[in-house]
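My notes are below the display.

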Amino acid sequence: MSIADKTILITGASRGIGRALADEALRRGARRVYAAARRPAAFADERVTPLTLDVTDAAQVRAAAERVGSLDILVNNAGLALYEGLGDRATLERHLAVNLFGTYAMSEAFLPVLTRSGGAIVNNLSLNSLAPLPVLAAYSVSKAAAFSLTQSLRARVAGQGVRVHAVLPGPVDTDMLRGTDIPKASPESVARAILDAVDRGEEEIFPDPASAFLAASWRDSAAK
């Protein structure tokens with residue numbers, strides 16, 4: 001699915017990977033980019049429509065779905081990551097509210113228009129969906145749940161002509177890892193790799209060097 005002349009909605013589009021995806025979609029000739037965030041960022045390009053959207057707010061999700069008349073690609077990018085273990089249930093519930101139920105709510109709300117367009121859902125997850133990181137335990141749990149949701153949703157909507165992609169990046173140079181001294185991919189390179197893989201129809205997307213080495217073993221695995 002080429003981005004050219006398509007309409008795309010990206011949550012969490014004010015910074016990081018979300019902002020890079022919006023910029024890359026514009027560079028590739030998108031017709032309209034809905035840049036959604038709790039505090040939308042400014043874009044100079046007139047093809048961008050900012051949307052005030054908290055994915056945990058049911059009323060805001062409904063309002064966004066009513067406002068967007070047609071859509072080709074939904075990117076569920078908004079996420080929460082706190083350095084917490086599993087000792088605090090409230091923290092786990094906060095992660096699940098955004099990373100799991102926010103993704104679910106957006107997918108359900110926009111599925112009718114995506115079915116009409118034969119579109120795609122792109123869920124930005126994490127390598128921690130496959131292997132938890134103890135210092136990000138609650139985050140890892142929520143991303144693993146969102147990966148399972150992605151796989152289940154894919155099976156559900158396949159007959160409706162909607163594709164569902166799971167993005168499984170490793171460390172990326174965003175606010176989440178700012179100040180962490182580890183090799184990190186740039187948001188711009190990850191955004192390019194994501195849209196390239198969507199264009200190729202890849203179901204699981206490993207968009208950076210840290211994750212790419214898992215791609216072949218995942219695709220040949222018994223689980224896949």
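The entries take the ground rules, then the pocket, then the helix pair.

Ground rules. I worked on a predicted model, where local features need pLDDT of at least 70, side-chain atom pairs count only at pLDDT 80 or more, and totals for chains, interfaces and linings use all residues. Residues are numbered from 1 along each chain as its sequence is written, and side-chain values use heavy atoms, with hydrogens and water left out.

I looked up the largest pocket and found a volume of about 1,200 Å³. A pocket here is an open set of points on a 1 Å grid over the protein atoms alone, where a 1.4 Å probe fits, with protein on both sides within 12 Å along at least five of seven lines. Its volume is the space filled by probe spheres set on the points. I listed 46 lining residues (an atom within 4 Å of a point); nearest the centre are Asn77, Gly79, Leu80, Ala81 and Met176. The lining has 25 nonpolar, 14 polar (Gly included) and seven charged residues (Asp, Glu, Lys, Arg). Helix 1 (16-27) is among the elements that supply at least two residues, and gives the most, with three.

Helix pair. I checked helix 2 (residues 58-67) against helix 3: their axes, lines fitted to C-alpha atoms, come within 9 Å and cross at roughly 30 degrees. The pair is therefore roughly parallel (under 35 degrees). Val61, Ala64 and Ala65 of helix 2 meet Ala105, Met106, Ala109 and Phe110 of helix 3, contact meaning heavy atoms within 4.5 Å. I classed these residues as seven nonpolar, no polar and no charged.

Conventions. Helix = DSSP H or I, 4+ residues; strand = E, 2+ residues; numbered from the N terminus. Axes fitted to C-alpha atoms, helices over the stretch in contact; angles between N-to-C directions. Parallel < 35°, antiparallel > 145°, perpendicular 65-115°, else oblique.
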